[in-house]
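Have a look at the structure before reading on.

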Amino acid sequence: MHQQSLAGQWTFRQLDTNEWMPATVPGGVHTDLLALGKIPDPFIGDNEKQVQWIANADWEYKTTFKVSSDVLKEEKQFLVCDGLDTLAEVSLNGKLLGKTDNMYRQWTWGVTSAFKETNELSIIFRGPVAYVTAKQKEKYLRSPGESIPGGGHLRKAPCHFGWDWGPMLPPIGVWKDIRIEGYTTAKIVDAHVRQYRDDDGVIAIGVDVKIGAFTLDLDTLSLTLTLIAPDGTEQTLKENWADRKSIGIVVDDPKLWWPNGYGEQNLYQLKLTLETGTSVLDSRTYQIGLRTIELKREPDEWGESFTFVVNGVPVFAKGSDWIPADAFPTRITDTHLEYLIKSAADAHMNMLRVWGGGLYESESFYDLCDRYGLLVWQDFTFACGIYPEDDAFAENVRIEAIENVRRLRHRASLALWCGNNEMEQGWVDWKWNDPQNVEVQNLKAGYDRMFHHLLPAVVASEDPDTSYWPSSASSGIPFSEPNGMQRGDMHYWDVWHGRKPFTAYRTTYPRFMSEFGFQALPPYKTIQTYAAPEDQNMTSYIMEHHQRSGSGNGLMIGQMTDTFRMPKNFESLVYLSMLLQAEGIRYGVEHWRRHRNRVSGTLIWQINDCWQVASWSSLDYFGRWKALHYAAKRFYAPVLLSVEDDGTRMAIHVTSDLTSSWDGLVRWRLEDVAGNVIISDEHRFTADPLADTPIQAFDFADKVNDTNKRKVVFVAELWKGDKKIETSVSYFAPIKHLALADPKLKVNVSLKDNTLTFDVSVQSLAPFVELALDGVDVVFSDNYFDVPAGQSTKVTAPLPKGWTLEQVKKALHVRSLIDSY
Ligand code: BMA
């Protein structure tokens, strides 16, 4: 077989104009126009509004090419488009090959004998907004309020039409690789890699193969399976194709793959080759991990469990929900993806939910999840709206599902297939259902068919080794209490959308919390990229344009004044918004981890952004860590110290995700903000594996009263040997009422082997110490941390490239809570 990529420099024009302009493929109209300086950057200010016409217009992309002799020598040639976004008409040398209507499908056309010396490939793209607007007039489909209506008519990422964190900029273009493939005799049509194990720990890999043959005599075909172990050792097996439809190999000395925090991410490379004699006809490669993943749902005293069990170990899922990392997907580089996924792993996350309003992600994404040990909960790409119910739509989705399940089912990281985002809740809880309306009832029947029959059937036949879940959130029983606490997963939005205080988290005991969140502004450096100085005000037109969740900025301010004092300026407000988010989510996660026998995981809405915006993300569009991401690194630690504070009562807990018991020491003090100790003690303990261990509980009612409660704090420290691992500070009064004094922050910076150490010490309590370097982004080992009176904390960071220690000292900025007012 031979391939020839057609990616690279093309030309494009707005249809029916004569101005052909240079284009990049894969790419899209917006990014091509932007590169030419024809449109302003839609992410800055409100430029988004000026470019709305683009997705209403039609566009044509064109390339001319010669076919390589290697490809031409093959018996058959195919044009393969891995992704066309979305309504495309593809013509080769003036002849229409076909029309497309699904960005998630791969489109292939036989083009044997269609080539000339020089060939012209043209792809016309119809404006997606014009299309859905017309369709919406024919048949109304409910869509999310923050989006261009009618997106559900098109198999295109729902969030492309806008979301409550995303711009309305539907991309258009060739968004994945495009190439000519040539084959002779036969090709591999499908290969299903599966794992088999017996009770003695013997693991075998089996591959079920489907061959597409152009020649009837298949006796000469052979299949070779090569398995390369993590240490590079190879095992090979060659079989005559005529004898078998599958090929299998017993793995010598198997090395298991584990999620982050539970063991190594051992990965095997598997290569499948189809040959005749000595010539290779086709081949495929797969990265796999040896593991079992089971979604355990068993009746218990609270209802039914919802626990991911990996290699027999019940895992508390710690993670986030993932959205597309750029509103223009072809701009996402592998380097940036790795940075984001490594950031997730660095914060001790072990699961990402690829949310249904976005994409089936790229191969690079899943490669990275495999390597960093992040389990993937994969939604099918449907979210928050109503979709057509006709047969043609269902068939389009069926093919899309088969293709994507086949593409991803071998992945070590793949933990779950899920039907959609929040659509069952829509039908049950959000008044979508209207029993009187026949049209609506047909659409509901369409939902039932799609998510309770069609998609589970695809998963059962194409990937029987992975569980299917109908919707997030769901109880697993169709249309029955989809967002309850007895069974299934839960999305909890009473905090934020429902305006409840963070303490409401402690009233919920989900079996698995797959979404909950609170917004923050992005870091000030990021705001500066979209808001001019005169717009840097929370309720300015531009700041509200970069806020898509209703009155979100007001919500942040409301909750901010419950917790903190009025900030003295805009930069302080940005800092407080990030602290508020970090505090709120910490409060929830610590509670749910303390109840890990009942709650089996928490996924924070959301880890990333697709442009610069106020949102629930912990990493902003540029990947900058908000205070929440640093907090996640602490509250998702394998051994968590937490204090359940309730008035004058303080209960110390240690929650462990380790598989063996852990000996440690807790030191605690009741002291004032200046460090005068009222009472202190220490306690040795053994934390049980995979459990919460209550350590000690106190009621300080006799020591803390209305006169001193704004000065007294409870400090708990977690120690292992002579190493202080974590410090937790709890309060008896709202933080805004604390009688803080200037902490006299001192930072000593030193450098060794390209690692900077910041030794932060204080005289009196400094909550939420923030370190920052002017002019450069660095990820510190910790940030936005508390330093109790008289204490010091060491934080490290890599030395920025080309920087000296002196430069770092000059560029360093430090602040703590008292500096915000
Ligand atoms: C959930 C998500 C998203 C949304 C988020 C915040 O509903 O599934 O649709 O962005 O809440 O509102």
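Which two side chains meet in a salt bridge at 3.3 Å, N to O?

1. They are Asp326 and Arg331. A salt bridge here is a side-chain nitrogen of Lys or Arg within 4 Å of a carboxyl oxygen of Asp or Glu. Asp326 is buried at 5% relative accessible area, while Arg331 is partly exposed at 30%. (Buried means under 20%, exposed over 50%, partly exposed in between, with a 1.4 Å probe and protein chains only.)

2. A word on the source: this is a predicted model, where local features need pLDDT of at least 70, side-chain atom pairs count only at pLDDT 80 or more, and totals for chains, interfaces and linings use all residues. Residues are numbered from 1 along each chain as its sequence is written, and side-chain values use heavy atoms, leaving out hydrogens and water.

3. Glu717 pairs with Arg669 in another salt bridge, with the closest N and O atoms 3.0 Å apart. This one links distant parts of the chain, 48 residues apart: Glu717 sits in strand S38 and Arg669 in strand S35. (Strands are DSSP runs of E, at least two residues; helices are runs of H or I, at least four; both are numbered from the N terminus.) Both Glu717 and Arg669 are buried.

4. Lys73 and Asp70 also form a salt bridge, at 3.9 Å. They are three residues apart in helix H2, so about one helical turn separates them.

5. Lys187, in strand S13, is buried yet has no salt bridge. Glu181, the nearest side chain of opposite charge, is 4.8 Å away. (Lys and Arg count as positive, Asp and Glu as negative; His and the chain ends are not counted.)
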